[in-house]
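Trainee: Hey, can we go through this one together? I'd like to ask things as they come up.

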Amino acid sequence: MDIENNHSYFDDEQNRAIIKKVAEKCYLPANQTIYQLIQETQGRFRVAYSISGVALEQLERFYPAVIDSFQRLAQTGAVEFLAETYYHSLAIIFSPGEFCEQVNKHLETLNRLFGLRPTTFRNTELAYHDYLAQQIEQMGFKAVLAEGVDWLVGENGSGKLYKASGTKNVKVLLRHYRLSDDIAFRFSSSKWQEYPLYADKWAKWVRATPGPLVNIFIDYETFGEHHWDTSGIFAFLKYLPQVLLSSPEIEILTPGEIANKYEPMAEFAPPHWISWADTERDLSAWLGNDMQRDAMERLYQLESRVKASQDAGLIEDWRKLTTSDHFYYMSTKHAGDAEVHNYFNPHQSPHFAYATFMRILNDLEARLSPS
Amino acid sequence: MLGWEFPPLITGGLGVACHGIARGLAQQGVKITLLVPRYYSNSPKFLRLLSAEKLLSKFETSQPIDISEFFPLGSSYLSPEDYESWYKKALASGSPIALLYGPTLFYEVEKFAKASELIASKTKFDIIHCHDWMTYKAGMRAKEVSGAPLVAHVHSIENDRSPFCNPVVSEIEKQGLKNADLVLCVSKYTMNRVRQVYGIPESKMGVAYNGIELKNCESPLVKNPRNKRQKQVLFFGRITWQKGPDYFIETARIMLSKRSNLRFVLAGWGDKAIPLIEQVAHLRLGNKILFAGFLNERELKALLINSNLFLMTSISEPFGLVVLEGLSQGVPAVISKQSGISEILTSIPSADYWDTEKFAQSAFELIDNPELGKKQIQEIWPELKKISWRKNGKTILSYYQRVLGN
């Protein structure tokens, strides 16, 4: 509660501990496995990564060996890196200018670390609207990822490649959420009737899915963190390429390669913002209640004054507050989604998360005023 | 004397007041035996401290306590064995709240009354003095056994604490006050409330204002708060109906609509905290009205030092010790008229708790004229020095003498 006297908002020690834990349980072993699979298949197994700037920054600070292993993956030529907002934010909703700056900062980071210039964009939590596609087209992107929402495209609609409404030619790849979530959510659930899931069973489902595309997009922490090593998730990953590639009709491509190779089959025009979160698949996970809306609005209200200060430390602190997770912690949804929200929440409750965030915001605002 | 809390094992003002009253009486030469539910530290020299728990385990007869008799709700029945395990867990967690106001409060009240009966039958004394409803049954039991006169000391009544009075608590309170030979209230305000709510005649009531522990004799230095960029206005206390936090927030809203370089902080927690956090979010004032949560003594002091003003918006405040705490840290105040403290500190600006416009107006005056705040404290300090536990002890002794007829 030491407002105006203590401006240290972030818990480096906790961040360091979490990065170490997840690096050792997931990033390092998963990178190693994927590297081997690329080698074994002579690059026929291919993947794309979307890693936020804040994640890369923390890895560089706290566990640089992970960066090394991503660099090794980048050199295989079988890996695409996607662009996103550096701060994993929803800036596009509140400030298109800030959105561009955050994307550019991410591009600079990818260029510095991997020597790459991505052509595919994925927005934070797959938040998507025509407006996003129009913005990123102006920034030179060719393709974008979005959620394959049933009510919008039908049960098998995610198999098509789309053109984003209102753009010249931005291609939209839709996530096949059932096949993705089979791995990401249900894999280790013993209550699931398909449990245990083996690679050949899942590959059979992929073959049976009307294509031509089956876009799988999952949290990387699926491997070793959300599902522990003992669940068999790494064995699943190891066998997946061979069972998939044994079918001649299956080819594994990265999003950018798909966008280059195929032409759109339909137009994609959601009537409002969609995302991959919660059952609603909209923005309600971050903007569903008054606390979230107040926090977000008050934050972006400070943007012009923060930037006018030209104080690099202050601008950086403000930008770190735009990370969508802060607002996710303030969600008061109940039932199934609450489990997911609470699992990731370092705060005692959504109300504590909000109260803490607003004290920080107040302090930040006080730094803007002359003393 | 029958008390529910005693330092260091306290949850609020009651324990502090009980300590002060006993010490003030001891200074007048009164010999005191104080029975509390349980006690773990050494007894201070000025009284003889007894723990009901130890007493009962020592004298426990073969006849167990029949708890079904006094549990108002069958579902909250807890066997003594279950209670013990819960109690040990609470003790291990170190939470004094769990120890004093657990889910088995009525059981505790009855146990305490039994201990009181036991001690009253084995000790000689002239007068029984009990504090608030938890100890009233114990007081009545001791009176039955000994025939000594009963003094009931009212620090607050159920109607002050909640808009939905617990009928069991109200009934115990009513019986205790009716059976008392003298009802002592912490303020005239409280005396009027007791008369209105329970119909106790003024002839058997009296007022004994609480004292205050002034750590330094000098008038507190009114420092300019360290916070310079925004003026900080404070609420502190439990965030419950009784303390009127909604009126604090409404005052904040009015003030913020006129000026933006203000910060409002609510320190404390309670059943209204979560609904009020949501209300502030709905008002889109979350960046100006902040919730600090429960603070320890050191954190609270740091917060006070950085504050320009304290608003006490209580709906019903029998006394209002918090105001004195703020003033002694050099923080001027605007206070609710529905409080005991406003009777003594007449020069402090006050308003009816619902009159948020008036609160806002007085608050602006103090914020805009720091000299006014300094003057407030300098003027009040001599008055504060007059409010002592010694004086409180003197007053209570004279009431004792009246009851004893000499």
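Trainee: Where does A:Pro196 lie in chain A?

Mentor: A:Pro196 lies in the loop between helix 8 (177-186) and helix 9 (199-208) of chain A. Keep in mind that this is a predicted model.

Trainee: Okay, and what kind of peptide bond runs from A:Tyr195 to A:Pro196?

Mentor: That bond is cis, and its omega is near -5°.

Trainee: What about the bond from A:Gly211 to A:Pro212?

Mentor: The peptide bond from A:Gly211 to A:Pro212 is cis, with omega near 0°. As for its place, A:Pro212 is in the loop between helix 9 and helix 10 (233-245) of chain A.

Trainee: Let's step back. How many helices and strands does chain A have?

Mentor: Chain A has 18 helices and 7 strands. Its radius of gyration is 21 Å, close to the 21 Å that the globule rule gives for 371 residues, so chain A is as compact as a globular protein of that length. Along the principal axes, the C-alpha trace of chain A spans about 70 × 45 × 45 Å.

Trainee: Which domains does chain A get?

Mentor: The domain assignment gives domain 1 (12-268) and domain 2 (284-368). Taken over C-alpha atoms, the centres of domain 1 and domain 2 of chain A are separated by 26 Å. Their contact takes 18 residues from domain 1 of chain A and 18 residues from domain 2 of chain A.

Trainee: Back to loops. What is phi like in A:Gln42?

Mentor: A:Gln42 has a positive phi of about 50°, although it is not a glycine. You'll find A:Gln42 in the loop between helix 1 (12-40) and strand 1 (47-49) of chain A.

Trainee: Is A:Gln42 buried or exposed?

Mentor: A:Gln42 counts as exposed because its relative accessibility is 69%, and the cut-off for exposed is over 50%.

Trainee: And where is A:Asp278?

Mentor: A:Asp278 is in the loop between strand 7 (266-268) and helix 12 (284-287) of chain A. Phi of A:Asp278 is near 60°, which is a positive value in a residue other than glycine.

Trainee: Why does A:Asp278 count as buried?

Mentor: A:Asp278 counts as buried because its relative accessibility is 10%, and buried means under 20%.

Trainee: How much of chain A is made up of buried residues?

Mentor: Buried residues make up 57% of the 371 residues in chain A. The accessible surface of chain A comes to about 16,000 Å², and 50% of that belongs to carbon and sulfur atoms.

Trainee: How many positive and negative side chains does chain A have?

Mentor: Chain A has 36 positive and 49 negative side chains, and the centres of the two sets lie 4 Å apart.

Trainee: One last residue. Where does B:Met134 lie?

Mentor: B:Met134 lies in the loop between strand 3 (128-131) and helix 6 (136-146) of chain B. B:Met134 is buried, with a relative accessible area of 4%.

Trainee: And what separates B:Met134 from B:Leu50?

Mentor: They are 84 residues apart along the chain, and their C-alpha atoms are separated by 17 Å.

Terms used:
Residues are numbered from 1 along each chain as its sequence is written. Chains are lettered from A and ligands numbered from 1 in the order in which they are written. This is a predicted model: local features need pLDDT of at least 70, side-chain atom pairs count only at pLDDT 80 or more; totals for chains, interfaces and linings use all residues. Side-chain values use heavy atoms; hydrogens and water are left out. Helices (H or I, at least four residues) and strands (E, at least two) are DSSP runs, numbered from the N terminus. The radius of gyration is taken over C-alpha atoms; the globule rule is 2.2 Å times the number of residues to the power 0.38. Buried means under 20% relative accessible area, exposed over 50%, partly exposed in between (1.4 Å probe, protein chains only). Accessible areas come from the Shrake-Rupley method with a 1.4 Å probe; for residues, only the protein chains shown count as cover. Lys and Arg count as positive and Asp and Glu as negative; His and the chain ends are not counted. The place of a charge is taken as NZ of Lys, CZ of Arg, CG of Asp or CD of Glu. Domain bounds come from an automatic or database domain assignment. Contact means heavy atoms within 4.5 Å.
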